[in-house]
Amino acid sequence: MSQDPYELLGVGRDADADTIKKAYRKLARQLHPDVNPDPESQERFKQVTAAYEVLSDPQKRAAYDRGGDPFGGGFGGQGAGFSFTDIMDAFFGGQGGGQGAGRGPRSRVRRGQDALIRIEVELAEAAFGVSRELKVDTAVRCTTCGGEGAAPGSHAVPCDTCHGQGEVAHVQRSFLGEIRTLRPCAACRGFGTVIPDPCRECAGDGRVRSRRTLTVKIPAGVDNGTRVQLSEQGEVGPGGGPAGDLYVEIHVAPHEVFERHGNDLHCTVSVPMTAAALGTTIELPTLEADLPESEDVERSFDLQVPTGTQSGHQVLLRGRGVPGLRGGRGDLAVTIAVETPTRLDPRQEELLRELAAIRGEEQPTGDVRPAHKSMFGRLRDAFTAH
């Protein structure tokens, strides 16, 4: 069988690196010992692998084209080394390869990390939206070196250890011969270049810490834990890479009147016993009243307390709650708490006793009712009834 690596792989002498790699992968799938265990296929597999070892290395290929013998012992012998990465690529379709056709150096420029900042807003601000100025301390692109990491007037240079490849080969012996694996170059950390004169401002990182002011627009209807995303306002990446995103997490401060449940508001209004019995009108503030810069808004409204209102009675006012993020608006639930006087002067006591006499309530027997059962109690009674 021919010992010409071009003939072994079935490619022309002007074949590029991709054509050579595809030809090797095709043959390796056919000839690998796990697929064809016969001795002839194993021997040919070694020859094909050795041929690819030569043609995938620009220096060895050039030496062969000039008439040299890179291995000094022919192809397929035990002195022939081959890349374990290439064999795995042949079966799993990876992009790895031998020296000169490997993964290559990794870029110094990478995307920055996302950042998170938490702010507190008032309930009205969360309900109707607000714009806030934030002072953010993040990494920004170094203006001295423009993110390159090298001192002004200098640049990164190819690594002498890996010759700009970003990885070096490590050879081990096995029953298949010499297995060569590729590892990131320790001298340049896999970048393929080194910075001989780093920028003094950023120490070669291409970014520095800086405090800047941003304006964030908080939409109407946000709640505790809502996050507002500001694209590309986070940390600038190493090497002056693109910035990550900034997330603003909302915390809503407690309100002195209203309590929020989803998009609904709840509050409690206390009225005297006489007002509950006779009925009355109570002026209630609106949530919009907490917006000092808004002039044309309703700041209060009249709540009608019907005659004979009992303590705990709830009045539901539609559309007076919190606007939703996707439209609509919640409700306002007002609970009436009837206050019973605890201190009476003689005249007040006399009048109440007179009222009790008129209503026949001097010695009330009381209306004894079962206590409210829990959900589990009601379920138990339902099953018992059946």
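1. A residue counts as buried here when its relative accessible area is under 20%. Tyr-52 comes in at 3% relative accessibility, so it qualifies as buried. Keep in mind throughout that this is a predicted model.

2. Tyr-52 has a partner. The structure holds one aromatic pair, formed by Tyr-24 and Tyr-52: the rings are stacked, 4.4 Å centre to centre, with 5 degrees between the planes. The pair links distant parts of the chain, since Tyr-24 belongs to helix H2 (residues 17–31) and Tyr-52 to helix H3 (residues 39–55), 28 residues apart. Tyr-24 is buried as well, with a relative accessible area of 1%.

3. Two arginines also deserve a look in the viewer. Arg-106 lies over the face of Phe-191, 4.2 Å from the ring centre. Arg-320 does likewise with Phe-301, at 4.1 Å from the ring centre.

4. Now the cysteines. UniProt, in an unreviewed entry, puts the feature "binding site" at Cys-142, Cys-145, Cys-199 and Cys-202. These positions span 61 residues in sequence, yet no two of their C-alpha atoms are more than 9.1 Å apart, so they gather at one spot. The annotation may be inferred rather than shown by experiment, so I'd read it with that in mind.

5. Where does Cys-145 sit? You'll find it in the loop between strand E3 (130–141) and strand E4 (157–158). With a relative accessible area of 11%, under the 20% cut-off, Cys-145 is buried. Leaving aside neighbours within four places in sequence, Cys-145 is in contact with Ala-150, Cys-199, Cys-202 and Gly-206.

6. Is Cys-199 buried or exposed? Buried, at 2% relative accessibility. Beyond its neighbours within four places in sequence, Cys-199 is in contact with Cys-142, Thr-144, Cys-145, Gly-149, Ala-150, Ala-151 and Gly-204.

7. Finally, the whole protein. There are nine helices and 16 strands. Of the 386 residues, 37% are buried. Among contacts with a separation of 6 or more, 66% are between residues 24 or more positions apart. The accessible surface comes to about 23500 Å², and carbon and sulfur atoms account for 50% of that.

How values were computed: Residues numbered from 1 in each chain as written. Predicted model: local features only at pLDDT ≥ 70, side-chain atom pairs only at ≥ 80, totals over all residues. Heavy atoms only, no water. Phe/Tyr/Trp six-rings, centres within 6.5 Å; stacked < 30°, edge-to-face > 60°. Helix = DSSP H or I, 4+ residues; strand = E, 2+ residues; numbered from the N terminus. Buried < 20%, exposed > 50% of the residue type's maximum accessible area, 1.4 Å probe, protein only. Lys NZ or Arg CZ within 6 Å of the ring centre and 35° of its normal. Contact = heavy atoms within 4.5 Å. Areas by Shrake-Rupley, 256 points an atom, 1.4 Å probe, with all protein chains shown as cover.
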